[in-house]
Amino acid sequence: MIEPSRSTFHPKKILVPIDFSPSSISALATAAELAQEFNAELCLLHVIPMLPIVTGIEFPTPFYPRQEFLADAEKESAKRLADLIGNLSGQGIHATSKVEIGNDVVGNVLMVIDREHADMLVISTHGISGWRPVVFGSIAEKVIKLAECPVLLLRSAKTVVTDKPKESK
């Protein structure tokens, strides 16, 4: 009988894509536990989608040009990531952050894995159901298929939405 061998995988750098949703914050908490267990560094990544250029429509408007929008979004994202890093630092976890701009979120995640030499990825899924993932595909699903490092996929708890408002008394 073959005895299972003890795993020798010890991540040194864990990449955590953050979109500031509750599920990505939950994934960060799990990644923080792993970082403490393995004495690993965390790298938080936020990808800002570029605004689409639509032929025949001047967008962004002259009132809010694309560069200004992206600069504001980048500053806000960096601030939010800095707050998360401050919390991690208080737990004794070394963390860095990256803000990327691009419409190919999966490509950005894969590029950062390579550039930062991440040896593990912790990512959440929103558990979207219905036609949307069939048509557009899931970012998490694509990352799982293409990433060359181990991936921990955390599924978000489904939320129940009701159409009935609560009655007040």
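1. Let me start with a salt bridge: which side chain meets that of Glu-141 in one? The partner is Lys-145, with an N to O distance of 3.4 Å. A salt bridge here is a side-chain nitrogen of Lys or Arg within 4 Å of a carboxyl oxygen of Asp or Glu. Glu-141 and Lys-145 are about one helical turn from each other, because they sit 4 residues apart in helix H5. Glu-141 is partly exposed at 40% relative accessible area, while Lys-145 is exposed at 62%. For these words, buried means under 20% relative accessible area, exposed over 50% and partly exposed in between (1.4 Å probe, protein chains only).

2. A word on the ground rules. The model is predicted, so local features need pLDDT of at least 70 and side-chain atom pairs count only at pLDDT 80 or more, whereas totals for chains, interfaces and linings use all residues. Residues are numbered from 1 along each chain as its sequence is written, and side-chain values use heavy atoms, with hydrogens and water left out.

3. Next, the sheet. It is open and has 5 strands in the order S3-S2-S1-S4-S5, with parallel pairing. The edges belong to strand S3 (95-101) and strand S5 (151-155); each has a single partner strand, so one side of each lacks a neighbour in the sheet. On average, neighbouring strands are turned by 20° against each other, direction ignored. Helices (H or I, at least four residues) and strands (E, at least two) are DSSP runs numbered from the N terminus, and two strands pair if DSSP finds at least two bridges between them.

4. Strand S1 is worth a look for its pairings. Strand S1 (residues 13-17) is joined to strand S4 (residues 120-125) by 2 bridges, and the two run parallel. Ile-14 has Met-120 as its bridge partner in S4. Between S1 and S2 there are 5 bridges, again with the strands parallel, and Leu-15 has Cys-43 as its bridge partner in S2.

5. How many of the residues of S2 are buried? The count is 8 of 8. Glu-41, Cys-43, Leu-45 and Val-47 point one way from the strand, and Leu-42, Leu-44, His-46 and Ile-48 point the other way.

6. Now the helices on the sheet. Helix H1 (residues 22-38) lies across S1, strand S2 (41-48), S4 and S5, and runs at about 150° to S4. Helix H5 (residues 139-146) packs on the sheet too, touching S4 and S5, with its direction at about 155° to that of S4. Contact means heavy atoms within 4.5 Å. Axes are lines fitted to C-alpha atoms, for helices over the stretch in contact, and angles run from 0 to 180 degrees between N-to-C directions.

7. H5 also packs against H3, at an angle of about 40° and with the axes 9 Å apart. That makes H3 oblique to H5, because angles under 35 degrees count as roughly parallel, over 145 as roughly antiparallel, 65 to 115 as roughly perpendicular and the rest as oblique. Val-105, Val-106, Val-109 and Leu-110 of H3 make the contact with Ile-139, Lys-142, Val-143 and Leu-146 of H5.

8. Back to charges: the count comes to 6 salt bridges. One of them joins Asp-83 and Lys-79 at 3.6 Å, N to O. Both lie in helix H2 (residues 66-90), 4 residues apart, about one turn of the helix, and Asp-83 is partly exposed at 44% relative accessible area.

9. Glu-116 and Lys-98 also meet in a salt bridge, at 3.5 Å, N to O. This pair links distant parts of the chain, with Glu-116 in helix H3 (residues 105-116) and Lys-98 in strand S3, 18 residues apart. Glu-116 is buried at 14% relative accessible area, whereas Lys-98 is partly exposed at 26%.

10. Finally, two loop residues for your backbone check. Phe-20, in the loop between S1 and H1, has a positive phi near 70° without being a glycine; Phe-20 is buried at 15% relative accessibility. His-117, in the loop between H3 and S4, is likewise not a glycine and has a positive phi of about 60°. His-117 is exposed, at 65% relative accessible area.
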